Amino acid sequence: MIIDIHTHTFPDAIAAATVDKLQAAAHIHPFTNGTIAALSTSMRAAGIAYAVNLPVATSPRQVTQINDTAARINERTHETGVLSFGAMHPDFVDWYAELGRVAALGVRGIKLHPPYQGADFDDIRYLRILDRAGELGLVVLTHAGLDIGLPDADRVTPHMIRRAIAATKFAPLICAHMGGWRQWDAVEELLPDTGVYLDTSFSIGRVTPNGDGYPWTETALSLMQEAQFLRLVRTFGAARILFGTDSPWGGQSDAVERLRRLPLTESEQASIFGGNAARLLGL
Ligand SMILES: [Zn+2]
């Protein structure tokens with residue numbers, strides 16, 4: 001069973017406009033129009049059974065509504081295959097009660113995105129969220145490393161993740177983009193003994209430009225070297241690596257094929273493709 005732990009969708013009314021705005025800002029090709037229906041179609045084509053939708057609260061005002069929407073999306077998982085996490089923002093005043101409500105709604109985890117939320121990952125406002133999530137058994141997935149849409153915001157470094165883990169009784173923590181987008185040497189050095197999980201989204205393969213004429217360089221288009229990816233799998237252990245695509249920013253079929261072609265054992269592939277996520281999400 002294949003589970004994509006890292007995807008994005010948007011409410012139908014704003015999906016197309018939101019994806020259009022984001023692709024124009026980052027100059028990358030979107031592989032769906034951002035709706036749940038389009039993600040489901042893409043999943044069926046790629047042989048993916050479940051995809052986790054990761055909403056980002058870019059302001060504290062959005063938190064409650066995002067979490068209500070997540071619960072509504074989860075009422076239809078049996079039809080769509082899409083399961084949504086909730087969100088939290090470091091400046092949401094009622095964070096303690098809201099995280100309790102997220103858990104009570106049956107939502108399995110939350111997404112954090114420090115570059116878009118204006119705080120460092122080892123800030124006390126995130127540490128208290130991590131502690132509370134741990135208490136409630138919520139999985140936390142955070143953006144990690146640099147963000148292609150906000151290249152100057154360096155708010156989730158492997159150092160910060162290490163400090164945050166040391167300071168909290170942490171919930172299962174998944175660090176996106178193999179632990180730190182474009183900070184992979186530091187991930188190898190600083191995170192193996194922390195117990196964090198890594199997702200594979202936007203790490204191997206290449207960036208797909210949107211063809212708007214932006215002067216991409218070869219260095220900017222190429223992502224992690226395959227040798228480093230394999231080294232990370234072996235160093236962390238396949239049990240701590242989760243398949244993710246960042247759809248619509250990565251193509252799901254391409255990502256499945258790419259991982260299948262890597263020289264990993266059958267049992268390593270099974271863990272990464274879905275075994276680990278099924279265990280974490282209780283599927
Ligand atoms: Zn993402």
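Predicted model: local features only at pLDDT ≥ 70, side-chain atom pairs only at ≥ 80, totals over all residues.

**An exposed proline, the sheet and a helix pair**

Pro-215 counts as exposed because it has 7 C-beta neighbours inside 10 Å. Residues are numbered from 1 along each chain as its sequence is written.

Pro-215 sits in the loop between strand S8 (197-199) and helix H10 (218-221). Helices (H or I, at least four residues) and strands (E, at least two) are DSSP runs, numbered from the N terminus. Although Pro-215 and His-27 are 188 residues apart along the chain, their C-alpha atoms are separated by 9.6 Å.

Let me turn to the sheet. It is open, has 6 strands in the order S4-S5-S6-S7-S8-S9, and its pairing is parallel. Strand S4 (86-87) and strand S9 (241-242) form the edges, each pairing on one side only; two strands pair if DSSP finds at least two bridges between them.

What covers S6? Both faces of strand S6 (residues 139-142) are covered, with Val-139 and Leu-141 buried on one side and Val-140 and Thr-142 buried on the other. S6 runs parallel to strand S5 (residues 109-112), to which 4 bridges join it; within these strands, Ile-110 has Val-140 as its bridge partner. Towards strand S7 (residues 173-175), also parallel to S6, there are 3 bridges. Val-140 is partnered there by Leu-173, and Leu-141 by Ile-174. From S6 the chain crosses through helix H8 (residues 158-167) to S7, a right-handed β-α-β crossover: with the strands pointing away from the viewer, the path from the first strand over the helix to the second runs clockwise.

Finally, the helix pair. The axes of helix H3 (residues 63-74) and helix H5 (residues 95-104) come within 10 Å and cross at roughly 10°. Axes are lines fitted to C-alpha atoms, for helices over the stretch in contact, and angles run from 0 to 180 degrees between N-to-C directions. H3 and H5 are therefore roughly parallel to each other, a term for angles under 35 degrees. Val-63, Thr-64 and Asn-67 of H3 meet Glu-98, Arg-101 and Val-102 of H5, contact requiring C-beta atoms, placed from the backbone, within 7 Å.

Definitions and conventions. Buried ≥ 20, exposed ≤ 12 C-beta atoms within 10 Å, placed from the backbone. Parallel < 35°, antiparallel > 145°, perpendicular 65-115°, else oblique. Contact = placed C-beta atoms within 7 Å.
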